Amino acid sequence: MGCLASTPKDSGGNRRRPGSIGEVSVYVPGLRIPKPVDFTQSLGDYLSKNIVERLSALRTRIVVMAGQEGPTITRTKRKSATQHGGSTLADLQQALEDYLPVLLGLVKDGNHLQYKVQFVWINQEDDAEETAMSNAWYEVLSVLHLMATLLLSQANLLLLPRTSADGYQPKVTEESRRASVDIFLKAAGYLDCAVRHVLPQLPAELRRNLPVDLAEGVLRALCLQALGQGVDIQLGMAIDSTKATLAVKRRLACEMVKYWQQAQDNIMNLPLSNGWGEKHRLFVKWKYAEAKAAAYYYHGLILDEGNTEKSHGMAVAALQAADEYFKESKKLCESFNAAPPLSRNPPLWGTMKYLSEKIPKDTSSKVRINRDLYSHERIMETAPTLPDFALALKPDEYQLPQVDASWKGENIKVGQTDPNHLKLDNR
């Protein structure tokens, strides 16, 4: 049930995109912006004035805030990040959290009202400028996606290096790093809930007609990206720790490879060619290459601890692979930053600051030493297989909130039920 309308990208100017988004540590998709809805016209004959006005007020607050701040929220300026940017993110996040329990009253127990309102959102990654659907589960899905996007934006602000009080080069504090891991897990929880509990509520035909921003593959990829970046932060903290062994670092790096590989698998066949979509695809390829560089580097160091000619040869092959993936990641990073909207790298820090210095140096050194010891023919030309580890980092367990108490005692007037078919209107 429900109806859908997609507006092609050349039909108007609702989709505002920044030319540049500044420094990027975390990929944040462009914010999908809701358009106004007249709840009185759609629901006035079925619900009390109190509920209708409550829905209207809560959603209007989101429309206004997202419309005003959405195009600028993803633009990062480190000076204002924790002032204007941070408070805007928190206010919009709170507005969404206030709206969701009231919205869920429209879908409770198969409520027929879920088909009465046409919800319209402006897309960012899809070719269609906006998508309208007369199904309240589409609105729930859009709200969860926006909540996750805001958290990713918050994590990006936390992970931009800032000049420290001692005046030395910019860095990200341990407090910010730990806080960002919690945020990544929370964002992953919203996205995981969207995939497992909200998408299945939509009829198959509506699911097929969702904008690519909300496609299952994109939602899964964003969830895996959040987990992959969480592991990246953990690896950076392990590198800084004197207690973390090479085995621990290798395990974290190998887990990171799996998260990014799965993220790439999920978006590989999706039509992500439009603006933000192409940027999204390039970010995943970049981070996947970085993760492989880290994993092969630590795998090579552990293999080099062996006492056999074979293990030393495998170590050289692994380190050479790390060096190749590191060079590839730098090229992909340049492509990502050049894709619209333009972006730039913050000063290097954490895992990649360490590895950008160590990989070229250690690879060159180990290759030279081992080629002095062994003939060129005895050194493996192909990289050894990376060890396979179970993924430890999981999304937070997020459950949709209880329906707001304002729905208790609400006598829903039953009007003419919707015909049991899907009406498509592609404009």
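**Aromatic contacts, helices and strands in the predicted model**

Tyr27, Trp260, Phe283, Trp286 and Phe336 make up one aromatic cluster. The structure is a predicted model. A search of the whole structure returns 9 aromatic pairs. One of them joins Trp260 to Phe283 in an edge-to-face arrangement, with the ring centres 5.9 Å apart and an angle of 65° between the planes. Trp260 belongs to helix α8 (residues 246-267) and Phe283 to helix α9, so this pair ties together parts that are 23 residues apart in sequence. Trp260 counts as buried because its relative accessibility is 2%, below the 20% cut-off. Phe283 is likewise buried, its relative accessible area being 0%.

Tyr296 is part of helix α9, whereas Tyr325 is part of helix α10 (residues 309-338), so the contact ties together parts that are 29 residues apart in sequence. The two residues fall into separate accessibility classes: Tyr296, at 11% relative accessibility, counts as buried, while Tyr325, at 23%, counts as partly exposed.

The charged end of Lys279 sits over the ring of Phe336, at 4.1 Å from the ring centre. In the case of Lys287, the charged end sits over the ring of Trp286, and the distance to the centre is 4.3 Å.

Helix α9 spans residues 276-303. Its 28 residues reach 40 Å from the first C-alpha to the last, close to the 40 Å expected at 1.5 Å a residue. Most of α9 is covered, with 25 of its 28 residues buried. The largest nonpolar core of the model has 133 residues, and Leu106 and Phe119 are those with the most contacts inside it. Helix α9 contributes the largest share of this core, namely 16 residues.

Helix α4 (residues 136-158) was examined in the same terms. With 23 residues at 1.5 Å a residue, α4 should span 33 Å, and its end C-alpha atoms are 33 Å apart, which agrees. This helix is also mostly covered, 21 of its 23 residues being buried. At the start of α4, a side-chain oxygen of Asn135 comes to within 2.8 Å of the backbone nitrogen of Trp137.

Phe119, already noted for its contacts in the core, lies in strand β4, where Phe119 and Trp121 point one way and Val120 and Ile122 the other way. All of these β4 residues are buried. Strand β4 (residues 119-122) pairs with β5 in the antiparallel sense over 4 bridges. Within β5, Met133 is the bridge partner of Phe119, and Glu130 is the bridge partner of Ile122. Side chains in strand β5 (residues 130-133) are likewise divided: Glu130 and Ala132 point one way, Thr131 and Met133 point the other way, and all are buried. Strand β3 (residues 33-34) also pairs with β4 in the antiparallel sense, over 2 bridges. In that pairing, Ile33 stands opposite Ile122 of β4.

Two backbone features occur in loops. Asp109 has a positive phi of about 55° although it is not a glycine. Asp109 is located in the loop between α3 (81-103) and β4, and counts as exposed because its relative accessibility is 72%, where the class requires over 50%. The peptide bond from Pro340 to Pro341 is cis, with omega near -5°. Pro341 lies in the loop between α10 and β6 (342-344).

Conventions:
Residues numbered from 1 in each chain as written. Predicted model: local features only at pLDDT ≥ 70, side-chain atom pairs only at ≥ 80, totals over all residues. Heavy atoms only, no water. Expected span 1.5 Å × (residues − 1). Buried < 20%, exposed > 50% of the residue type's maximum accessible area, 1.4 Å probe, protein only. Polar contact = N/O pair within 3.5 Å; in protein donor to acceptor, adjacent residues only side chain to side chain. Core = buried A, V, L, I, M, F, W, Y, C linked by side-chain atoms within 4.5 Å. Phe/Tyr/Trp six-rings, centres within 6.5 Å; stacked < 30°, edge-to-face > 60°. Lys NZ or Arg CZ within 6 Å of the ring centre and 35° of its normal. Pairing = 2+ DSSP bridges.
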